[in-house]
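Please look over the sequence and the structure shown here. A short report on selected local features follows.

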Amino acid sequence: MLSRLRVQNFAIISDLSLDFAPGLNVFSGETGAGKSIVIEALGFVLGARGDVSVIKDGADKMAVSAVFSSDMLPEAVRKEYQISGDVFTLKRELDRKGKGKAYADGRAVTVAALAHIGRALVDFHGQHEHQSLMHASVHLLLLDKFAKHGTLVQKTEDAYRRVQAVQAKLDAARLSAQEKERLLDMSRYQLKEIEDINPTTDEDFQLEQTLPKMKHAGKLLEMAAEAYNELYEAEDSATARAGKAARELQNMAELDENLAPLAQDVSSALLTLEDAAATLGAYKDDINLEPDALDKMLERHEKIKRLKGKYGPEIADVLRTAEELRERIENLQHSEEREQELLAELEKDKKTLLKLARELHDKRMEAAEKLSALITEQIRPLGFHAVRFATAVEMDEENVGPTGADKVEFLFSPNPGQSLRPLKNIASGGEISRVMLGLKTVLAPTVPVMVFDEVDAGIGGETGHLVGQKLRSAAQGRQVLCVTHLAQVAAQADQNFHVDKKASQTATDVSISPLSGEGLTAEIARMLGGGADRRSAAFTHAEELLKDAGRL
């Protein structure tokens, strides 16, 4: 689970540390107080897009760190990023120049690595996902995620890419001599452009790690030499003096055994100093002061940057493009004799693709029935007494693409006697919120942390109470973070946080405080539209909600 989040200079937060509880953690506060900023900060440290405009006014950089328990992190992910121990920390920084740093368990990593780790830990549901549920293209992805069709979908996509590649080769074989020569010239030029630079995987990352050291090589060498002299080379260096003290203490310990632990401590300190001196010496010797070394490295970095801009965005994409260009050149040079061979290959690959698409369709039909039943079961207690939910799967064998030949759409009927119709045509905002909650509960059973930002949009009253109970149920055995404006949801939490925005003529800042006791009751009363007066109807109602949730 997420145990701690620290946010520094993010949006209107100056410096904030939050400790989370297992189960349901709820954020509440006045409209505009900044409740969603915590969710955005968590997304940032887990690889979401960062923007310098989010850095707090007056600050040079923003930083977010998150401490997670590692017991639910897949073993493969732990090994890949060398994560060990019961807890680990993810951290990300971004400065006003757009330069960022990312760390996993203290080791420098890419932002993509943070995103990879984050996907195994946290499932986000933001307000924008209400709208995404309106698009049928998303329904196909959700069905495949539920049914764990990943391997078969990948096989289908690979088969589709093969068909496209063979078709491209066939098209190339049928080109006119003039067009073929034009393509050959362009492909050779592009390949030479890549091969002349010949980047290696992650070379850009390595350069970005090394360049700061190179830019300050002279100053670093001078400082390192001075420090090395003080530690080791000088006649009265730290190691020489510590060595003398260690010998004296050893002699004293022979006369007074009570001094033995102190003698041991000083001996250990001497070893530490000697190790530090050796490390510093190696660092000093490794500093490159060649006058043109920095210029060469900067030039190399700029060339790779341009190459990524043209063929990237990453070096892996550049190298993949080079392979594709080599293959294209080979095919263009030997196109005529291959035309008949390609026709036969294309027919074979099309049959393979169609076979996979049919297999995928059959599995989707089976999964659609199960998903519909589970979604119905999840959302019926949320105020839908006669709800019907169905997942329609239609196959068009004439149009097979990278995801197969199916169109998938969620159908919905919230009321008795109402026919099943596309979700986008019939559901209200409140109904969409509840359907999404049901989907998330079904589709993210193995993710240890679920995050909901305004999942209760468009609902209230008894339905809000039901949604609160569902969120609390979803938090059993995992952790749920939820931003809400409903008292009925907040009352069900295991841990409540109150978000408050303070503004002056010169600055705005956000504070977030855990709630308990009378402070919690007063916050629930405020959300119900009342005040903190213990005699008010809102305060009494708040107490009833908390008692019903077993918290009073």
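## A buried glycine

This is a predicted model. Gly464 lies in helix α17, which spans residues 461–474. How accessible is Gly464, buried or exposed? Its relative accessibility is 0%, so Gly464 counts as buried. The cut-off for buried is under 20% relative accessible area.

Which residues does Gly464 touch beyond those up to four places away in sequence? They are Ile459, Leu486, Gln488 and Val489. Glu543 gives a reference point for distance. Gly464 and Glu543 are 79 residues apart in sequence. In space, C-alpha to C-alpha, Gly464 and Glu543 are 17 Å apart.

Ser65 belongs to strand β4, residues 61–69. Its relative accessibility is 17%. Buried means under 20% relative accessible area, so Ser65 counts as buried.

Neighbours within four places in sequence are set aside for the contacts of Ser65. Ser65 is then in contact with Arg4, Leu5 and Arg6, among others. The contact list of Ser65 also includes Val45. Thr89, Leu90 and Lys91 are in contact with Ser65 too.

Asn9 lies in strand β1, residues 2–10. Phi of Asn9 is near 55°, a positive value in a residue other than glycine. Asn9 counts as partly exposed because its relative accessibility is 24%. Partly exposed covers the range between buried, under 20%, and exposed, over 50%.

Asp105 is not a glycine, yet its phi is positive, at about 55°. Where does Asp105 sit? Asp105 is in the loop between β6 (100–104) and β7 (107–109). At 24% relative accessibility, Asp105 counts as partly exposed.

## A cis peptide bond

Which residues does the cis peptide bond join? The bond runs between Gly312 and Pro313. Its omega is about 25°. Pro313 lies in the loop between helices α12 and α13. Helix α12 covers 293–311, and α13 covers 315–333.

## A positive surface patch

Four lysines deserve a look together. Lys97, Lys99, Lys101 and Lys215 form a positive surface patch. Where in the secondary structure is Lys215? Lys215 is found in helix α8, which spans residues 203–215.

Conventions: Residues are numbered from 1 along each chain as its sequence is written. This is a predicted model: local features need pLDDT of at least 70, side-chain atom pairs count only at pLDDT 80 or more; totals for chains, interfaces and linings use all residues. Side-chain values use heavy atoms; hydrogens and water are left out. Patches are made of residues with over 30% relative accessible area and no salt bridge: like charges are joined within 9 Å, nonpolar side chains (Val, Leu, Ile, Met, Phe, Trp, Tyr) within 5 Å. Accessible areas come from the Shrake-Rupley method with a 1.4 Å probe; for residues, only the protein chains shown count as cover. A salt bridge is a side-chain nitrogen of Lys or Arg within 4 Å of a carboxyl oxygen of Asp or Glu. Lys and Arg count as positive and Asp and Glu as negative; His and the chain ends are not counted. The place of a charge is taken as NZ of Lys, CZ of Arg, CG of Asp or CD of Glu. Helices (H or I, at least four residues) and strands (E, at least two) are DSSP runs, numbered from the N terminus. Buried means under 20% relative accessible area, exposed over 50%, partly exposed in between (1.4 Å probe, protein chains only). Contact means heavy atoms within 4.5 Å.
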